[in-house]
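Open the model in your viewer and keep the sequence panel beside it. The stops below say what to select next and what is there.

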Amino acid sequence: MLRVLLIGPYKGRDNSGDSFLAPPFGLYRMKFYIEKKLEDVFIDILDPNIDNYRDVEGVYDVVGFSPLHLTFENDLLLFGYFKSKFRDSLFIAGGIEVSSIGKEVFDYAPFDIAVLGEGEETLLKILKAILKGKKQFNGIKSIYQRRQGRVYFNGYGKQLGLSHFKEIYEAYEFINIPYDRYWKHNAQFYKEPNWTEIRTIRGIFSNFCPYRCKFCASTNFISYSYSGKLSAGSRFYILPVKDVIRFILKITDAWKDVETIIFDDDNLSLDFQYLKKLCLEIIQLKEKDKLRKNLSFICQGRPDVFARSKKKILNLMKNAGFRMIMYGVESFSDRVSAYLGKRITRQQAMQTIDATVDAGIVPLIYIILFPPCILKEDLIKTVDLCVKYLLKNLEISTTLLIMDIPGSEFYYDTSLRRIIKKYSIAKGISIQKSDYIWPSDDELFELGRDIHENYSNYEENFKQNYGIQHVPSRVYSFIVFDAIYQKFGLEDKRKYLHRTLQDVIKNYQ
Ligand code: B12
Ligand code: SF4
């Protein structure tokens, strides 16, 4: 028998409380797939954001980590803890960040193996080898292994094919994931929790996104993991509609009180025939009472694609129960958008937002406020339009800075402005990294830095002024927009913001 512990990215005790948590989808994908294939293997998932890692009991033969760029120092802290607890176990690192830094992960901590790319088949092979008593894994592709202080690469493997992909989703078992605990956690921040927002289940149904935005690592995940190159002819897959429907039925069967299913990749709208078929199937199931009529859906979407749709598809989505579409607009300045490689114009974004509202669906607009090329006029142009939308009750989710993530095109551009931070975690465990890419313009750099570093002060003032406890993303956006107007002395815009804010904010008091 083999016992495996897979640990999700750790946001840190101080941070986990203020955000919505969700079970680590990729780790559960591996667990269910592998447990189906190997009877003698038992995989436990530890999400340190919701479980106390110090409560882990028993002995594990293999301990796997899934560090992300912003959580890396916390993940290494857990590595140190578990390494001293399970001295003889095999320590593996995997996931999108590890796939992009590869060998470098061994500079941070003494892992035994680093897995590149999708973990299901590779981890399965490693566990099979261990069950056969092997201590070396020479024949297994897509891994780096450390032996006697040296690191060996076994060569690039192959991305998963569609049939594997289908098998993985077939194996997924919702009933064995503690969604109820996540919902309880996420509800605790509200006096009157909105259960439609809270009782959600997320899924990813494609293997990567082919759009190639320059700040994004997901677009290069498959390519970099299996060739070491960005965007090099990877094969794109999306789970066929009938399998997605089976997946949805499994969810509602296991969790009768689920209220929203989230399609969390950007690819649902890549092919309108696909989306149309999906909506029609959902509508039919609802008509036949095989799906609850009020089950709602949220998906990510590209505004440029929807701008071409002539509204028909949006109406169909509304009928199927889509209540929100999350659009990665990033900026309402065409200059910035082009720089980011978004290939979306302000016009297209506005057109899609209006069409979405007309269809009765709420658009959630993602914005990056301080990308490297930002100038004052681009920023104000974007903030002004965001404020207008916020006051119309649309959802705006802002990110201050672009994450400096390995695997994104920007990561390899040495001309960009960075701040390197050093973290010493424990003996033999340390990390040195740049978390964000900063604006090149000095004034915008200072402003971005001020809001980033002093955000908690801005938030505290705001909470006191408006009597709110928890700050959801749209209120976060208000706080940041107010700080930007203040900095540029745009008092009229500020006054307007505060005057109209009273009404909007009352839902959060
Ligand atoms: C949905 C999502 C979320 C959701 C839900 C996360 C969850 N618990 O599942 C929420 C909103 C909560 C979230 C939060 C965050 N996220 Co997020 N998220 C995503 C998203 C869109 C999908 C993740 C997913 O399910 N992928 C599909 C699964 C199957 O893939 P996977 O997780 O990578 O796992 C596979 C392989 O990587 C590998 N693998 C993974 N781990 C391991 C470990 C071992 C040992 C092995 C062998 C293999 C292996 O095998 C898995 C199966 O094939 C991705 C973007 C994307 N399209 O991937 C961003 C993404 C992963 N998130 C990102 C970030 C940064 C975060 C946050 C740190 C943001 C923040 N500022 O707080 C937090 C971290 C919180 C946390 N604990 O995870 C970044 C990571 C970039 C990086 N290189 O670090 C991404 C890539 C988005 C981006 N900006 O590019 N996220
Ligand atoms: S559309 Fe979204 S997921 Fe796709 S490349 Fe751009 S940012 Fe990444």
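Two residues are in contact if their C-beta atoms, placed from the backbone, lie within 7 Å. Helices (H or I, at least four residues) and strands (E, at least two) are DSSP runs, numbered from the N terminus.

This is a predicted model, in which local features need pLDDT of at least 70 and side-chain atom pairs count only at pLDDT 80 or more, while totals for chains, interfaces and linings use all residues. Residues are numbered from 1 along each chain as its sequence is written, and chains are lettered from A and ligands numbered from 1 in the order in which they are written.

**Whole chain**

Show the whole chain as a cartoon. There are 20 helices and 15 strands to find. The C-alpha atoms fill a box of roughly 70 × 60 × 45 Å along the principal axes. The radius of gyration, taken over C-alpha atoms, is compared here with a globule rule of 2.2 Å times the number of residues to the power 0.38. For 509 residues a compact globule would have a value near 23 Å, and the chain agrees because its own value is 23 Å.

How many of the residues count as buried? The share is 40% of the 509 residues. A residue is buried if 20 or more other C-beta atoms lie within 10 Å of its own, exposed if 12 or fewer, and partly exposed in between, with C-beta atoms placed from the backbone. Among contacts with a separation of 6 or more, 75% join residues 24 or more positions apart.

**Helix 2 and helix 6**

Select residues 25-37, helix 2, together with residues 119-131, helix 6. Their axes come within 9 Å and cross at roughly 50 degrees. Axes are lines fitted to C-alpha atoms, for helices over the stretch in contact, and angles run from 0 to 180 degrees between N-to-C directions. Angles under 35 degrees count as roughly parallel, over 145 as roughly antiparallel, 65 to 115 as roughly perpendicular and the rest as oblique. Helix 2 and helix 6 are therefore oblique to each other.

The crossing of helix 2 and helix 6 is right-handed; that word applies if the near helix is turned clockwise from the far one by less than a right angle, and left-handed if anticlockwise.

Now show side chains. From helix 2, Gly26, Arg29, Met30, Tyr33, Ile34 and Lys37 meet Gly119, Glu120, Leu123, Leu124 and Leu127 of helix 6. By class this contact has 6 nonpolar, 2 polar and 3 charged residues. Ala, Val, Leu, Ile, Met, Phe, Trp, Tyr, Cys and Pro count as nonpolar, Asp, Glu, Lys and Arg as charged, and the others, Gly among them, as polar.

**Helix 19 and its partners**

Go to helix 18 (residues 442-466) and helix 19 (residues 473-487), whose axes come within 10 Å and cross at roughly 120 degrees. This crossing is right-handed. Helix 18 contributes Leu447, Ile451, Tyr458, Glu459 and Phe462, and helix 19 contributes Ile479, Val480, Ala483 and Lys487. The contact of helix 18 with helix 19 holds 7 nonpolar, no polar and 2 charged residues.

The crossing of helix 17 and helix 19 is left-handed. Leu379, Val383, Cys386, Val387 and Leu390 of helix 17 touch Arg474, Ser477, Phe478, Phe481 and Ile484 of helix 19. That contact counts 8 nonpolar, 1 polar and 1 charged residues.

**Single residues**

Most residues other than glycine have a negative phi. Select Arg212, in the loop between strand 8 (200-203) and helix 10 (221-227). Arg212 is not a glycine, yet has a positive phi of about 65 degrees. Arg212 is partly exposed because 15 other C-beta atoms lie within 10 Å. Leaving out residues up to four places away in sequence, Arg212 touches Thr219, Ser231 and Gly341.

Next take Glu330, in strand 11 (residues 322-330). Phi of Glu330 is also positive, near 75 degrees. Is Glu330 buried or exposed? Glu330 counts as buried, because it has 26 C-beta neighbours inside 10 Å.

Finish at Asn176, in the loop between helix 7 (162-171) and helix 8 (179-187). With 12 C-beta neighbours inside 10 Å, Asn176 counts as exposed.
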